[in-house]
Structure formats: C-alpha cells, structure tokens
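Thanks, everyone, for making the time this morning.

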Amino acid sequence: KNKVIFDTDPGIDDAMAILFAHASGKIDLLGITTVFGNASIENATRNALYLKQRFAIATTVCVGADTPLVVPAGEPTTFVHGQNGLGDIDLPDTQPLKADSRSACDFIIETVRNNPNEVTLVAVGRLTNLALAIQKAPDIANLVKEVIVMGGAFDHNGHTGNVSPYAEANIIGDPHAADIVFTQKWSVTVVGLDVTQQSIMSNAYIQTLREQSAKYGEFIYQISRFYSDFHKQSAGLDGFYVHDSSAVAYLLAPELFKVKRGPIRVVCEGPAIGMALCKTTEKSLSHRWLAAATHTTNMC
Ligand code: BDR
Ligand code: CA
C-alpha cells in the first residue's frame, strides 16, 4: 500500500478525495493534516474528524496552519464550499473525535523520518504545512518518496487561473509556501487546473453513484449540491470539476497521465501574484526539475 499523508482543506472536493483514497484500499492513510483555505482551520479540522468518524477511516488528524507564510490571510472560500466547508449539510454540534496533539508540521516531519523513502505527501490545499515542515527539517527532502500537489494552472489549451486570470486558489492562497515547496530537492508532481478542469463529474454520474452506494454515494451527493450550484453559476457546468481527487488518481494510476518535466516557480508579488510558471522540457536536466502533469488525452 502507498503510505500517504494527505494535506487538505476540506472542502467538498477534498472530502471526496479523502473518501477516494480511503475506499481505494490501496492507500495507507498515515495522516490527514489540515490547512486553512476552503474553510477556516477549525472547520477544516472538524470536517476531517467528521469524515474519519463517519467512515471509520483509520488515520490521524493533525491541525495545521491557519494563515499564509507572508501574504495576509484571505477569507475562507465559503462561496464555493459552503459556510461549514461541506456544502452546508447538517453536521453534529459536537464532534466525538479529537485531533492529535502534534501540529501538522511536526507530524509530517516525524512520520517522514520514521518511514524513510516510503511516504508520499499528497497536498490539495495551500502548501503552508509542507513549507513549514521543509523549512524546519530540511532533511525530509531526501526522505520523502514523492510530493503530489493539486494546484496551479499551466495554461495548456488555454487553461488559466480560477482566482485571477493567472492564479489558482491553492497557489495564490500562499504563494510563498508554494514557491518553497516547488524549489526543494524532492520530487514534486503538480496536477494543475489544466488537468482537473478536463475531469468533470456530471450530476447524472453523481445520481448513479448515489443509487449504487448508500454509504459513500449518498454522502457525496449531499455535499456536492452546493458545489454543483457554484459550478453551474460560474462555469455553466451540469456537474463539477474533479480537482483534488485527480491528485489521488495520479498516485493510483499514473499511467493515465502524461508528465512533462521542468522547474516551477511562483510569482509572489505584483499583478500576476500566485501564477505558477513551468518551463517544460523533454529532458530532465537535474533532480531539482519538477513535473507538471496533464492528461494524455490533452496531448493528442
Ligand atoms: C482547489 O481549490 C479548492 O477549492 C479545491 O479544494 C481545490 O483544492 C482548486 O483550485
Ligand atoms: Ca482542496
């Protein structure tokens, strides 16, 4: 099984990605580390604990950063994910499970050191926790198996940002953290909007899922109504983009993706703040060069 720490801001599509990872049976979910973004850190953590309890996910939940490294904290994107981060479904007032006493940063460092070259960090929110961990413990760069990020927009076939014309939410939410993560001596694969916006889950598909799975399907149907409405209004879709689950899909089935290699940097100030830039090449020039993934179908 793939040993994974899942760094996340649940978040509707984050919740779907967590369930995908859990239900795949191919992932040993060592931990879920939370970060601000789609919801406040309190709501993101509560949502992770709720998922852990409701779906009996054997994992550890650790609380992560509540603010970016340098730029001012923005408001949670409640217009995409609802006030509670899970599409405003009814959630219990009290949560029986508690988060681990370790911070996300310390949990990442400790777990990676205890499992050298075995842990994949799948990060589908702001990259603050990963940046804090690598800054505090640079040795983990050599100990992590792989970093897989959902973020950025690499403008293949005109795909640009979803927050500004240049920037995607997870990168502009903490551009300095993203730039730190993209310039370390570890292997990073980035699944950007150029991939995830090609993957659309239709409402008809969700309806089928609902009918076929009372456990997962019904829950995904419930939380995704708000998300579907947002996508209808903002993009005219009858369904929604599959952002965070695409990072899990890359981990489980990399053969579905075509990977290009190149160094990635992030614009950290000015009008294009949050823009992730990748100069791709067919050759891998150094181990510090990073990868941007795109669906094979996009390349034909
Ligand atoms: C990313 O932003 C969030 O809304 C999603 O959870 C995803 O991680 C897409 O830009
Ligand atoms: Ca997310």
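What we have here is a predicted model, in which local features need pLDDT of at least 70 and side-chain atom pairs count only at pLDDT 80 or more, while totals for chains, interfaces and linings use all residues. Residues are numbered from 1 along each chain as its sequence is written, and chains are lettered from A and ligands numbered from 1 in the order in which they are written.

Let me start with ligand 1, which is surrounded by 15 residues, the closest being Gly-11, Asp-13, Val-124, Ala-169 and His-243; a residue counts as near if its C-beta atom, placed from the backbone, lies within 6 Å of the molecule. At least two residues of this shell come from helix 1 (12-24), and at least two from helix 6 (169-172), where helices are DSSP runs of H or I, at least four residues, numbered from the N terminus. By type, the shell has 4 nonpolar, 7 polar and 4 charged residues, with Ala, Val, Leu, Ile, Met, Phe, Trp, Tyr, Cys and Pro counted as nonpolar, Asp, Glu, Lys and Arg as charged, and the others, Gly among them, as polar.

How do helix 1 and helix 10 cross? Their axes, which are lines fitted to C-alpha atoms over the stretch in contact, with angles from 0 to 180 degrees between N-to-C directions, come within 9 Å and cross at roughly 160 degrees, helix 10 being residues 216-235. That makes the two helices roughly antiparallel, a term for angles over 145 degrees. Among the residues that meet are Ile-12, Asp-13 and Leu-19 from helix 1 and Ile-220, Phe-226 and Tyr-227 from helix 10, contact being C-beta atoms, placed from the backbone, within 7 Å. This contact divides into 10 nonpolar, 1 polar and 1 charged residues.

Helix 10 also packs against helix 9 (residues 203-212), at an angle of about 155 degrees and with the axes 7 Å apart, so these two are likewise roughly antiparallel.

Finally, Leu-252 lies in helix 11 (residues 244-252). Leaving aside neighbours within four places in sequence, Leu-252 is in contact with Ser-24 and Lys-26.

Technical notes. Parallel < 35°, antiparallel > 145°, perpendicular 65-115°, else oblique. Contact = placed C-beta atoms within 7 Å.
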